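Please look through the sequence and the model below before reading on.

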Amino acid sequence: MMARIATAFAAVVLLLLIATPAQAHGGASVTIHSDGHGSVWITAQWQDGHPINEPTTVTMTAGSLPPAVLHQTGDERGTQTYSGTLDPGSWRVAIDLGTPVNGHCQALIQVADPAATAQPTEVACLIPATQASAPAAAPSSSGGSLTPLWITLGALVVAGGGFAFFRSRRS
């Protein structure tokens with residue numbers, strides 16, 4: 001009986017160690033937005049609805065323009081903005097998101113002349129969760145680490161298994 005309990009406890013601990021935060025979120029949903037007058041921004045949320053406000057490098061390329069890094073606003077939608085504006089015309093905009101998302105999204109954006117009526121654009125992309133997209137652990141504000149907890153739990157599992165083994169040998 002004790003051996004079964006120890007085995008079940010070890011399985012639970014192993015599952016807790018294997019699960020990653022990105023898998024818990026279920027991937028990401030990234031939407032490229034344009035107001036039709038040259039402004040471009042993205043909104044990024046985990047598929048469970050939480051905004052992606054973790055520090056994430058987001059790079060935008062558009063036509064022959066040099067790559068530009070988008071800037072986080074820290075809002076509840078996970079918005080990142082392009083500080084410039086695109087000139088009138090048709091633009092293929094590509095967004096590359098770094099860790100913790102690790103994904104790519106692209107859209108065709110039409111930018112109207114300043115005097116013309118603009119057509120806003122929204123293109124959504126789904127980025128699946130992968131082991132590589134697991135966010136790094138954020139520094140704890142309490143100053144503690146969970147490492148001692150995992151070491152203690154591991155020691156308890158080993159001790160419980162040893163106790164069960166020696167107890168069964170005595171019987």
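## Terms and model

Two strands pair if DSSP finds at least two bridges between them. The strands themselves are DSSP runs of E with at least two residues, and helices are runs of H or I with at least four residues; both are numbered from the N terminus.

This is a predicted model, in which local features need pLDDT of at least 70 and side-chain atom pairs count only at pLDDT 80 or more, while totals for chains, interfaces and linings use all residues. Residues are numbered from 1 along each chain as its sequence is written, and side-chain values use heavy atoms, with hydrogens and water left out.

## Strands S7 and S8

Strand S7 covers residues 89–97 and pairs with S8 in the antiparallel sense over 9 bridges. Within this pair, Trp-91 has Ile-109 of S8 as its bridge partner. The hairpin of S7 and S8 has 5 residues between the strands, and Asn-102 has a positive phi near 55° there.

In a regular strand the side chains alternate between the two faces of the sheet. Buried means under 20% relative accessible area, exposed means over 50%, and partly exposed lies in between (1.4 Å probe, protein chains only).

## The open sheet

An open sheet has 5 strands in the order S5-S6-S2-S1-S9, with antiparallel pairing. Its edge strands, S5 (71–72) and S9 (121–127), each pair on one side only.

S1 and S9 are joined in the antiparallel sense over 7 bridges, and His-33 stands opposite Glu-122 in S9. Thr-31 lies in S1, which spans residues 28–34. Leaving aside neighbours within four places in sequence, Thr-31 is in contact (heavy atoms within 4.5 Å) with Trp-41, Ile-42, Thr-43, Glu-122, Val-123 and Ala-124. Thr-31 has a relative accessible area of 13%, so this residue counts as buried.

## The disulfide

A disulfide is a pair of cysteine sulfur atoms within 2.5 Å. By this rule the count is 1. Which residues form the disulfide? They are Cys-105 and Cys-125, with sulfur atoms 2.0 Å apart. The pair links distant parts of the chain, with Cys-105 in strand S8 and Cys-125 in strand S9, 20 residues apart.

The link of Cys-105 and Cys-125 is right-handed, with 70° about the S-S bond. Cys-105 is buried at a relative accessible area of 1%, and Cys-125 is buried at 13%.
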